[in-house]
Structures are given as C-alpha cells and as structure tokens.
Amino acid sequence: MEIKQTGDKSFISQVQTLISQAQNQPSRAENLAQKVAGWLFYIALIVALIALVIWMVIADVQMAVIFTVTTLVIACPHALGLAIPLVTARSTSLGASRGLLVKDREALELTTNADVMVLDKTGTLTTGEFKVLDVELFNDKYTKDEIIALLSGIEGGSSHPIAQSIISYAEQQGIRPVSFDSVDVISGAGVEGQANGHRYQLISQKAYGRNLDMDIPKGATLSVLVENDEAIGAVALGDELKPTSKDLIQALKKNKIQPIMATGDNEKAAQGVAEILGIDYLANQSPQDKYELVEKLKEEGKKVIMVGDGVNDAPSLALADVGIAVGAGTQVALDSADVILTQSDPGDIESFIELAQKTTRKMKENLVWGAGYNFIAIPIAAGILAPIGITLSPAVGAVLMSLSTVIVAINAMILKLEPK
C-alpha cells in the first residue's frame, strides 16, 4: 500500500472543507432574509412605540404596557433569519450523503431557472470505455466463438483501447485467442497476420470498402475480419451509454431544460449517441469551442448549466452559470465547478436538479411563513383587533413566537430526496 496524500491534502479532507464552506456561504435568498429580519426589528420597535402612545391616550398606562410588551415579545426576526440557513444546511448535508457536493449554494437557486444544459459525452453520458457491442458472422465455415478467437488473437500484441476491448471480451466469454505466427500493421487500415496457414486482416469498414449485411449499432466503430479478400466476420465496438443517461435527458426535457451534447468525438460517434438520446449535439468540439458555446448561450440571455469532467472542461465549468463536475477527484474539478458529483452517474445530475427544486421551494415556504407570521402577528399584538374583542397577552405572544421558529425548523428538516 502506498499513501499518496495525507491530512488536509486528501480528497476526503477537501470534500469536508467544501461542505463546511458551502454551509457558511450565504446565498442571495439568505441575504434577502437577513435584510428583512433587520427591517423587522425596526418595524416591531416602531409599532410597539406607536401602540404605547395610542393606548395611553385611549385607555390607560397598564393597557398600553401590555400591548407594547406583547408586540415586542411576539415579533420573531430570528424565525425569518433562520428560514434560509436551516434549509440550506439541511440541503447541503442531504446532497453530500448522495455524493452531491455543492460548493456554491447560489447554484441551487440558479438551477431552478436554467434554460440549457451543455453535456460532455465521454465519461458523462457514456462510460468512456470501448466495449464490444456485437459480433457478426459472414462465413459458415466459422462459428461465432472461432471468430472471437481470431479477433482476440490478431489483436493480442496491441495496446490500443479497441484491441484491449476485444481481448477483454474474449476473456469474459472464456474463449482462448488463436496464436498468430506474425502480425503486421496495415497503415491507416488495421492489422494483418497469419495463423494456421491462413492470412487474416482486421481492418476498418472504410478500408474494406464494401457494404455489409448487418445492423450496425448507432455510434459504433466497425472492424471487419477478412480472409482471402472476403469478410468472414465483423465486430462493432462502441462507447456505451450509461444506464441512467436516457432518464436524465427525459428529466431535463420535463423540467424544460434544453440538453445539448458537446463532444470532442467525431461526427459519426456523436450523431449515434445524440440520436439514441434524442438531443441536439455538436461534434469535434475543443475545450475552446465549448467555452465559446457557453459564452454564446449566455449572451443570448439563457441560464446555462455546464456538465463535464472537470479537466478539459474546466474553462466552460467556470464560465457557466452553474458548473457541474462529474466523477471528479482532481483539484481542477474542485476549483472550477460549483457542484461536484463524486460518482460518474448521470442520475446524480437528476438528483441535483430535484435537490435544487425542493430546496428553493422550502426556502420560499419558510420566507413566506417567517415574513407572513410577523406582518400578521405584530399588528394583532399591538391591539389592532381589540375593538372586536381580539387581544393577545404577553404569555400567548411568547408561545406564538416560539411556535413560529419551531415550524420553520420542522419545515426545513422534512426536506428529502426521492430514493435512487
């Protein structure tokens, strides 16, 4: 075992620091609540003085003191001041338990108003690893297992990701690769080799130059196994979609957020994934292209969420209204993103949107209660309804004041996320 980092340099320690910073960082809603709570102090004081003067004139000193004290007791600025911090503290800890690390709490509020989400492809919507999607036979002389054995044998000496995926596939199927006498590279086309007195080639579909009678999975790369200039088999390889990618896209559309896939992959691979998901896409995108895309969307007045791996996409993550780093464990991701998803699961993006919506809703509920309670309770405590026989004693005012704080706290604590 080798220890790479210790103490405050470890990823876990950095995560703890992020959570602590997020809980201490006020959002716009919290700043507003604090201002209103400050105004409420002066409102309660002014109303209490007005009540004292009026009731001394129309009644007596004893009655005036009762209404004045009740007004000061029933006013509850701290319920309003706690309305947002309680929700955001609960939201931050709830998100952290799901692997959703919110660096900037304002990101929760901005997400509820988002118009567009720009998504990276590799590692975000797809696994980022080539896998064998299909193996096809074109010659009755060979079985499927024999074709797989030839494929893994001819790729045996290569470290290319496609070659390694074929070798791994054969191992998973329990198929031993054919031993080739020699293997040579065909420049720009593939490889060729000799085994059991036969010469084989594994080349791209473009190099083969003929159409094949097979259904090629969308976005897949096709390699053709050739003997005597005739195709005897083919293998389709692709970067598989993650199981939750389709659900994420449906959730975005349901929430009226337009998904756009921006990827550095070629047109064919990007088109295949985009068609499966039913989204707009941009292929052959460099980090600078993605940055300019986010910049353009913002200039059009749209609220933009950028989702990327936190390394190549760091500039775009920083520029977007909300930057979400997926599968992050690097310092770049910690620095550039507003939200960090510790797992590479698109479903976590959906969970974050749910968290943002529920957090914002709870904020509004607590603000309405905190402000509404005071604006109703203070005039009643001052005796505005005394002419119709409705008055409050200081003791009742104290109970109502405490109750308002309890209600705000309970409402914050019942914030929950749907189980995954």
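**Exercise 1.** Which strands does helix α14 lie across, and at about what angle to β1 does it run?

*Solution.* The model is predicted: local features need pLDDT of at least 70, side-chain atom pairs count only at pLDDT 80 or more, and totals for chains, interfaces and linings use all residues. Residues are numbered from 1 along each chain as its sequence is written, and side-chain values use heavy atoms, without hydrogens and water.

Step 1. Locate α14 at residues 346-381; helices are DSSP runs of H or I with at least four residues, strands are runs of E with at least two, and both are numbered from the N terminus.
Step 2. List the strands that α14 lies across: β1, β2 (116-119), β11 (304-308), β12 (322-326) and β13.
Step 3. Give the angle to β1, about 50°; axes are lines fitted to C-alpha atoms, for helices over the stretch in contact (heavy atoms within 4.5 Å), and angles run from 0 to 180 degrees between N-to-C directions.

**Exercise 2.** State the strand order of the open sheet and find its edges.

*Solution.*
Step 1. The seven strands follow the order β1-β13-β12-β11-β2-β9-β10, with mixed pairing; two strands pair if DSSP finds at least two bridges between them.
Step 2. β1 (100-102) and β10 each have a single partner strand, so one side of each lacks a neighbour in the sheet.
Step 3. From one strand to the next, the twist averages 20°.
Step 4. β1 and β13 (residues 339-341) run antiparallel, joined by three bridges; Leu101 has Ile340 as its bridge partner.

**Exercise 3.** Describe how α10 packs on the sheet.

*Solution.*
Step 1. α10 touches β9 and β10, and its direction makes about 160° with that of β10.
Step 2. After α10 comes Gly278, with a positive phi near 70°.
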